[in-house]
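Have a look at the sequence and the coordinates before reading on.

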Amino acid sequence: MARVSFHHVYKQYRSEKKTSVTDFHLEIEDGEFVVLVGPSGCGKTTTLRMLSGLEDITEGEIYIGDRYINYVSPKDRDIAMVFQNYALYPNLSVYENMALGLKLRKTAKHEIELRVKKAAKILEISALLDKKPNQLSGGQKQRVALGRAIVREPEVFLMDEPLSNLDAKLRTQTRSELIRLHQELQTTTVYVTHDQTEAMTMGSRIVVMKDGIIQQAAAPEFIYRQPANLFVASFIGSPAMNLIEGSIEEDGGTHYFSNRRLRLEIPPQYKPFLASGKLRNVVMGIRPEHVLLEPTLEDPNDSYGAVIDVIELMGSDSYLYLSMGDTRVIARAIEPGSKFHVTDKIDIGFRMEMAHFFDAESGGNLGIF
Amino acid sequence: MMAIVKQIRRLTLFETLLLLALLLLAAFMSLPIVFIINHAFKPFHELFLFPPTFLVKDPTLTNFYELFMRPVARIVPFSRYLYNSIIVAALSMVAVILSSCMAAYVLSKLQFSLKKAVMAMIMLALMFAPETVAIPRYLIVGWLQLNNTYFGHILPVIASPVAVFLIKQFIDQIPAELLEAAKMDGASELRIFIRIIIPLSMPAIATISIITFQGVWGDASASTLFMQDETMKTLPYYITTLTSGMANTVAGQGMAAAAGLLMFLPNLIIFLFAQRRIMETMVHSGVK
């Protein structure tokens, strides 16, 4: 087990003008489960591949433990990688698939057998050891791929969207198994995904990336509560945070967020940035669970009319897709969905103490000082 | 057997007609095979019957006897040609498989700057008929002093653009992650090639083995052009001498018929064993 440090890492492909990864700087602690998340093409996989050694590093340094590994070949980095499409050797049995890495490292035969059997037991694939990969289901293949990584007992696990090829139910199940596995082995893990749910549930720390640049790196809960900018706010959370454009106005010492339809009082914790006197265009972000619906409204005067467009029943609660003129708002309703009907007109309000304000131009969160 | 009968019963009228038509077509297409087998066992007078018959009435082994025994009077026996043919075909197959696989792997999976140019040259090579390069080939074989050696038979066929192309198409489908996984497992390029690429491209290799075998086994040009020594010539060449290039239409016909069957048998056997794999490759590579 080891720490992993990225020191201002850049990646530029020869065929492209722009850098694919820009100034990636991150310290990963021993035993951490770090998730790199972002839309496709954001450089997360490239970053992982630089760490694995399958891709050259254009600039910057990467360390595993105290070892400078920029020019160390993949096999000598003491890492193991799990691929999205499993990448099992189709001509070898499950046992041989798991054993190959050890065999190539000249591990003693009885030791190989011991380790493979142990890994198979952890992953509950002991019965499959004699089968060929094409006789296995997707979930079983993924376990074998994990097993191949585990038997090597590497310093770092690298996982490149390992759950993307599984169906929804299996994905949820495997997700929790991966968490359990990490708790058991405590191996430093770098996990790449485009699925924010996976990132939220698995990571001990999430690194949100866009266009090759780290947007925010923090614990899942912190990112959810304090998104650093508009991109993170809209990317993390399902359904996405409501983003409403408007400006800030002052009226007798009180600040208001207003646009053509809304005029909302901004709570006092935002005072420091408001005191600077820059009254500018902002985007208000508010999560669906912080949109108040009719019966729970605290102050009926502070409410606004909205029409229900779509109701999405999720089981325990449902999401209402509302429109206020040309502004669309998603709200979470905890009450049984039958209370609301499509095209109904209802009154809604906002829990302003939970709102975020972002600079409309730079996208930065004005509440993070 | 019962399963087939059951399946036939379930067919619609159209499907039955289609089946019949296809059966007729298959029977018609197999006539040459029937002919070549029967022809080899025909006694002398039956060989020249008019109209010619497909089936032999009075089978005899005289043709084979003559084929094997006649050359004893000559300097080079039949078995020498057969031996040469087998050696040349086997070595050519091994050489073509090795060189094509290695070239295809490099062209398919490795990145280097001249890749496009190399691919273009291979495509270009596909377009030349063998006759057009006969003279340059002759000159090269002459310069390298390969006349009257087995290598003179083999060298001209080693660089096979068709084989490289077929295998490359096949290797293209092997996901890059598989090779990356192997690299991380600690495998060297050679090991990846032997343990992963070769086993996974077996169907393509089977196909090019057959293509190569057929090409070399039936080809008399190397014997005609590069081999002056009679002991280095191969079977197809010998067969053309039996009938003196069709100038002698009577004397060698029986032996030629028997030799024709012997030439044909290996192809038939190989195809029967490997036909599924050939189909696989053809479907995969989009080559028809």
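Chain A comes with a domain assignment of two pieces, domain 1 (4-230) and domain 2 (242-359); such bounds come from an automatic or database domain assignment. The centres of domain 1 of chain A and domain 2 of chain A, taken over C-alpha atoms, are 39 Å apart.

Some ground rules. This is a predicted model, where local features need pLDDT of at least 70, side-chain atom pairs count only at pLDDT 80 or more, and totals for chains, interfaces and linings use all residues. Residues are numbered from 1 along each chain as its sequence is written, with chains lettered from A and ligands numbered from 1 in the order in which they are written.

**Chain A overall**

The C-alpha trace of chain A spans about 80 × 50 × 35 Å along its principal axes. Chain A has 9 helices and 20 strands; helices (H or I, at least four residues) and strands (E, at least two) are DSSP runs, numbered from the N terminus. Of the 369 residues in chain A, 39% count as buried, where buried means 20 or more other C-beta atoms within 10 Å of the residue's own, exposed means 12 or fewer, and partly exposed is in between, with C-beta atoms placed from the backbone. Take the contacts in chain A between residues at least 6 apart in sequence: 66% of them join residues at least 24 apart. A contact here is two residues with C-beta atoms, placed from the backbone, within 7 Å.

UniProt, in an unreviewed entry, has the annotation "domain: ABC transporter" over residues 4-236 of chain A. UniProt positions are given in the numbering used here, feature names are shortened, and annotations may be inferred rather than shown by experiment.

**Helix 1 of chain A**

Helix 1 (residues 44-52) of chain A has 9 of its 9 residues buried, so it is largely enclosed by the rest of the structure. Among these buried residues are A:Lys44, A:Arg49 and A:Ser52.

Strand 11 (residues 242-251) and strand 12 of chain A run antiparallel, joined by 5 bridges; two strands pair if DSSP finds at least two bridges between them. Their hairpin has 2 residues between the strands, and A:Gly252 takes a positive phi near 65 degrees there. Strand 12 of chain A goes on to form another hairpin with strand 13 of chain A, this one with 4 residues between them. Strand 12 and strand 13 (residues 263-265) of chain A are antiparallel too, with 3 bridges.

**An open sheet in chain A**

Another part of chain A holds an open sheet of 5 strands in the order 15-19-16-17-18, with antiparallel pairing. Strand 15 (291-293) and strand 18 (327-333) of chain A are the edges, each with a single partner strand, so one side of each has no neighbour in the sheet. Within the sheet, strand 16 (residues 304-313) and strand 19 (residues 345-350) of chain A run antiparallel with 4 bridges. A:Lys345 in strand 19 of chain A is the bridge partner of A:Val307.

**Chain B and the interface**

At the interface, 16 residues of chain A are in contact with 13 residues of chain B. On the chain B side, helix 11 (176-185) and helix 12 (189-200) each give two or more residues, and helix 11 of chain B has the largest share, 7 residues.

In helix 15 (residues 235-242) of chain B, 6 of the 8 residues are buried, including B:Tyr237, B:Tyr238 and B:Ile239. For chain B, the unreviewed UniProt entry lists under "transmembrane region" several spans, including residues 81-107 and 254-274.

| Span | End C-alpha distance | Helix | Strand |
|---|---|---|---|
| Residues 4-236 of chain A | 25 Å | 37% helix | 24% strand |
| Residues 81-107 of chain B | 38 Å | 100% helix | 0% strand |
| Residues 254-274 of chain B | 31 Å | 100% helix | 0% strand |
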